[in-house]
Amino acid sequence: MSSPMRIRAKVEGDVADVRVLMSHEMETGQRKASDGKLVPAWFIQDVTAALNGKTVMTAQWGPAVSKNPYLQFKVKGAKAGDKITVTWKDNKGESRTDEAAIA
Amino acid sequence: MSMNRRDVLKASGGAAVYTALASMGFFAANPAMASWKKEWFETKSIADTLKAMGIGNAANSNDITITSPDIAENGAVVPVGVSSSLKNPQMVAVMVEKNPTMMAGFYEFTPAALADVSMRVKMGQSSDVYALVKADGKFFMAKKEIKVTLGGCGG
């Protein structure tokens with residue numbers, strides 16, 4: 001089971017600055033293990049962010065995103081107490097959703 | 001002998017088939033998530049990438065800002081931020097020209113999101129980094145060279 005994401009969201013004016021730290025190996029599929037075999041690709045492909053349940057941004061990632069991905073984005077029309085929900089799904093079909101209240 | 005063959009198939013073929021199916025959206029847990037655009041992540045040049053994305057032409061724009069260090073010490077973790085003051089932004093894509101696959105990731109926005117995203121990418125070597133922005137139905141591009149002193153794809 002994957003570890004929870006760390007989500008920090010802070011509002012300034014009516015724009016929320018959201019920072020997300022995910023926990024994922026992000027294997028490229030190009031790296032060789034010590035036995036010389038390629039380590040199969042394993043990375044987050046889809047990321048969805050929602051404000052109060054309404055999707056505001058979707059992203060698709062390739063294997064070039066760094067291990068334990070960091071993502072920062074901004075949402076308009078947000079206020080303190082609103083809920084930010086982030087979901088990711090990797091190429092093995094595993095997914096995880098976490099949410100945080102905007103401070 | 002046949003056991004070996006089976007194991008190999010399981011290890012390689014199985015994973016490949018799974019990946020292929022997953023990329024087709026076969027295992028989509030959430031119908032709101034679009035299927036992963038595999039062909040966008042397979043290109044090696046900016047021209048091929050634009051072609052795969054079905055973009056005829058992207059104009060250079062000064063309204064796109066790429067925020068990153070000029071010299072990255074560790075290619076495994078290179079912070080890259082893209083912001084744009086273009087009106088009505090719909091998408092931002094981040095591409096690293098000399099990576100094995102050029103597309104690092106792309107972001108699609110609803111009007112509720114600002115065209116201002118930051119992420120961390122791996123870079124195998126010094127390279128131009130491109131930011132592609134779709135705004136008001138048109139495509140714009142900017143690039144920045146990032147020098148890498150230690151590659152992120154060692155092994």
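## Where chain A meets chain B

The contact brings together 36 residues of chain A and 37 residues of chain B. Keep in mind that you're looking at a predicted model. Here's a quick tour of how the two chains touch.

**How much area is buried**
- The size of an interface is often given as the accessible area lost when the parts come together.
- For chain A and chain B, that comes to about 3200 Å², with 54% of it on carbon and sulfur atoms.
- On the chain A side, look for A:Gln60, A:Ala64 and A:Lys74: they supply 21% of the area that chain A buries against chain B, more than any other three residues.

**Polar links across the interface**
- There are 20 residue pairs in polar contact between chain A and chain B, counting pairs with both residues at pLDDT 80 or more.
- The rule finds one salt bridge across this interface.
- That salt bridge joins the side chains of A:Lys74 and B:Asp116, at 3.0 Å from N to O.

**What chain A brings to the contact**
- Five strands of chain A each give two or more residues to the side touching chain B: β2 (15-21), β3 (44-51), β4 (54-61), β5 (70-76) and β6 (83-90).
- Sorted by class, this side of chain A has 15 nonpolar, 13 polar and eight charged residues.

**Strands that pair up between chains**
- β5 of chain A is joined by four bridges to strand β7 of chain B (residues 113-121), and the two run antiparallel.

Conventions:
Residues are numbered from 1 along each chain as its sequence is written. Chains are lettered from A and ligands numbered from 1 in the order in which they are written. This is a predicted model: local features need pLDDT of at least 70, side-chain atom pairs count only at pLDDT 80 or more; totals for chains, interfaces and linings use all residues. Side-chain values use heavy atoms; hydrogens and water are left out. Contact means heavy atoms within 4.5 Å. Buried area is the accessible area (1.4 Å probe) that two parts lose on being put together, summed over both. A salt bridge is a side-chain nitrogen of Lys or Arg within 4 Å of a carboxyl oxygen of Asp or Glu. A polar contact is a pair of N or O atoms within 3.5 Å; within protein, one must be able to donate a hydrogen and the other to accept it, and residues adjacent in sequence count only if both atoms are side-chain atoms. Ala, Val, Leu, Ile, Met, Phe, Trp, Tyr, Cys and Pro count as nonpolar, Asp, Glu, Lys and Arg as charged, and the others, Gly among them, as polar. Two strands pair if DSSP finds at least two bridges between them.
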